[in-house]
Amino acid sequence: MFKLSSELKNLSKITLIGYGLIFLAIAVGFVTRIIAVFQYVSFDIGPAPDQIKDAFTVINMWKGELPTLGPQAAVGGHHILPLYYYLFFPFTLLGASPVFQAFPNAFFSFLSIPLLVYLVYKLLENVEPQTRIMLSGLAGFWYSVLYGEIFISNFQWNPSSVPFFLIAFTLLYYFQMEGKFSFPIQAICWAVYGVILAILMSLHSSTLFVMPVVFIINCGIFIYKAVKRKSYSLITLPIISILASAIVLLPYWIGEFGRGFKNTKYILKTIFKAKSASDNSLLMSLGKRLSNLFLNYFKLFQEAYLWHPSWIYFLITIIFISLVTYLGIIKFKGNQYIWGSLCATWGIYLYAASNLDSEITYFHYKLLIVFAPIVLTITSLAYNKFSLGKKRILYIFSGIIITISCFSNLFYEYQFLLSKYSSNRVMNTADMTEMISKLPSDAVLCDPRIRKRRKIHNQYNYIDSNITRKGIKLVNICEAGNYVIHPKRLLLLESAYLNDTSYEKPYYVKFTQSDLQNLWPIFKIADNTKITRPAKVFLETDTATVYILDKQG
C-alpha cells in the first residue's frame, strides 16, 4: 500500500489528469451503456419495425430457423451478411426479453472506450509518456460522451457495433505488422482478423463495401513487407484470414447456393451501378461529388459533436476540422501501421460517401468515421512544433471546442437518462411486458399501427409469443371490448410512429427543418393527451394506462 502511495506521488499532474480522464470515460461508458440499456425505451421507434423483425429472427434461431441473409439495405435492394444475428444469438441465453438483444450493442460500445484509449496510446509514438497518457485519456473521455453513439448503443440495431469492431480490426492489423508473435499466434490473429472482417461486413452496407477494400490494402502491405524481409512463409497468413472469413459466413454461402447467388448478384450490381454513376458524375458534376464529400465529413462534427444546425456552428466546424485535419495529417509522426489502416478506412469511406446526398446521410451512416475528428484533434495536439505562443492558441482553441462538444453531448445524455429514470420516464419493454402479463388470456389488444409489416412484427406479438404467453389477439381496428395500452408520455423522435388519441389512425412524427429536433437522434418527451374515445380504466402504471374500450355514442 505504501509502495502504491509513493508511486502515485511521483506521477506528474499531466499523468494523473490522463488516468482521471480514462477513469471518467469508463465510468460514463458503464452508466450510459451497461446500466442504461436495461431501461429499454426504444424497442419500436422507427418508421419500420426493423428491430422487432430482427428480434424475431434471433429468437427463432432456437427453433432451428437459421438466417442466411442479414437485414435488407435501404439502398440497392441487397441484404447485408447474416453474422449480426449469430453474434447476438448467444445473449438470448440470458432470456427472451428484448433487452438481452440490445445488450450486446451496449456491451461492445462500452468496450470500445478502453479499446480507443489503447489505440490512441499506441498511435502516439514519439510522444512523451505523460502527454501520451493524457491525450489518450482525453480521446477516450470525449468519445465516451458522444450522445449519438450512446443512443444507438441502447437498442438492437445492426450498425451500432461498428466502432468496436473497427477499432479491433485496426489493432489486429497493427499487431500483425509488428510481427512480435510466433507463427502459430500470428496465424490465430489472422484468423480472428478474417472473422472480424466478416462481422463488419454484416453490420451495415457502408462496412460491406468499404472494409473488404481496406482488408485488401492491408494484406497487400503485409505481403510486400514479408517479401522485402524474405519471410516468405508469412505470405500464407492473409490466406488464413480469407478462409476464416469464408468459413464463418458458411450460412450465407449455403443460402446463396440455394438462391442461385441472387443476393451476391445484387451486391455486385450495387457496386458497378455506383461505379458507373461515379464515372458519370466525375465528367458531368465533379462539383456535386466534392460537395457531398466535403459536407458528409464536416457535417459529422456539427451534427454529432456540436448538435447544432446553425450556420455559425457550421462555420466553427469548418475552421476547427480544417485545422485539425491539416495539422493532424501533415504533422503526424506516430505509428504508421495504425495510421495507415485508419486513413485507408476514412478515405475509402469518404470516396464512397461522395455519391451520397449529405442531407440523407444520418449519423449512423458515418460510424466508420465517427471518431476521426477525435483522433485528428489528438494527433494535431501531439505533434505540432509551433512556438510556445502558437501552441497556446491551438490548445486554447481546441480546449474550447472540446468543452463545448462535451457539454452539448452531456446535455442530451442527461435528457436521455431522464427518459429512462425520472418520474416522467417513458414506457420501456419491462413495463410493456408487465401490462401484457396482467391482461386476461385471449384478450383482444387494439393498436392501429398493427398493419402491413407490423401485423406480425410488433412489440406485443414478440413479448406475448416469447415471454408472457397469454394468447393475446391483436387487431388494428378498435372496437368495444378491446384493450388499449395508452402511454402517459411519448418519446418524440424524427419518424417515430405513434397513434392518435382516438385510436383510429397512426401518424409519423415530423419536425420542421428549423427545429433542432431534425438532428437525429435528438428527441423530446411530451405528455400524451388523454384517450378521446369512451373507455374504462383496466390498469394504471407509472408510464401507461390500460383501457377497455366502450361503445361509441
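Arginine 449 is buried, with a relative accessible area of 12%. Buried means under 20% relative accessible area, exposed over 50%, and partly exposed in between, with a 1.4 Å probe and protein chains only. The model is predicted: local features need pLDDT of at least 70, side-chain atom pairs count only at pLDDT 80 or more, and totals for chains, interfaces and linings use all residues. Residues are numbered from 1 along each chain as its sequence is written, and side-chain values use heavy atoms, with hydrogens and water left out.

Arginine 449 sits in the loop between S1 and H20. These labels are DSSP runs numbered from the N terminus: helices are H or I of at least four residues, strands E of at least two. Leaving aside residues up to four places away in sequence, arginine 449 touches Arg454, Gln459, Tyr460, Tyr497, Leu498, Asn499 and Pro506. Contact here means heavy atoms within 4.5 Å. Tryptophan 311 is 138 residues from arginine 449 in sequence and 38 Å from it in space, C-alpha to C-alpha.

Two cavities of 30 Å³ or more turn up in a search of the whole structure. A cavity is a set of points, on a 1 Å grid over the protein atoms alone, where a 1.4 Å probe fits but cannot get out; lining residues have an atom within 4 Å of a point. Points are joined across faces, edges and corners, and a volume is the space filled by probe spheres set on them.

The largest cavity has a volume of about 420 Å³. It has 27 lining residues, and Asp44, Met427, Arg449, Gln459 and Pro487 are the closest to its centre. Helices H19 (429–437) and H20 (459–468) each give two or more residues to this lining, as do strands S3 (483–487), S4 (489–493) and S5 (497–499). By class, the lining has 16 nonpolar, seven polar and four charged residues. Ala, Val, Leu, Ile, Met, Phe, Trp, Tyr, Cys and Pro count as nonpolar, Asp, Glu, Lys and Arg as charged, and the others, Gly among them, as polar.

The second largest cavity holds about 50 Å³. Among its lining residues are Asp44, Asp447, Arg449 and Gln459. Its lining has two nonpolar, two polar and four charged residues.

H20 comes next. Eight of its 10 residues are buried, so H20 is largely enclosed by the rest of the structure. Its cover includes helices H3 (50–59) and H5 (99–123), H19, strands S1 (444–446) and S2 (473–475), and S3.

S3 is covered too: five of its five residues are buried. Tyr483, Ile485 and Pro487 lie on one side, Val484 and His486 on the other. In a regular strand, side chains alternate between the two faces of the sheet. S3 runs antiparallel to S9 (residues 544–549), joined by five bridges; strands pair if DSSP finds at least two bridges between them. Tyrosine 483 has isoleucine 548 as its bridge partner in S9. S9 also runs antiparallel to S8 (residues 535–540), again with five bridges. A hairpin of three residues joins S8 to S9.

How values were computed: On a 1 Å grid over the protein atoms alone, a cavity is a set of points where a 1.4 Å probe fits but cannot get out, and a pocket is an open set with protein on both sides within 12 Å along at least five of seven lines; lining residues have an atom within 4 Å of a point.
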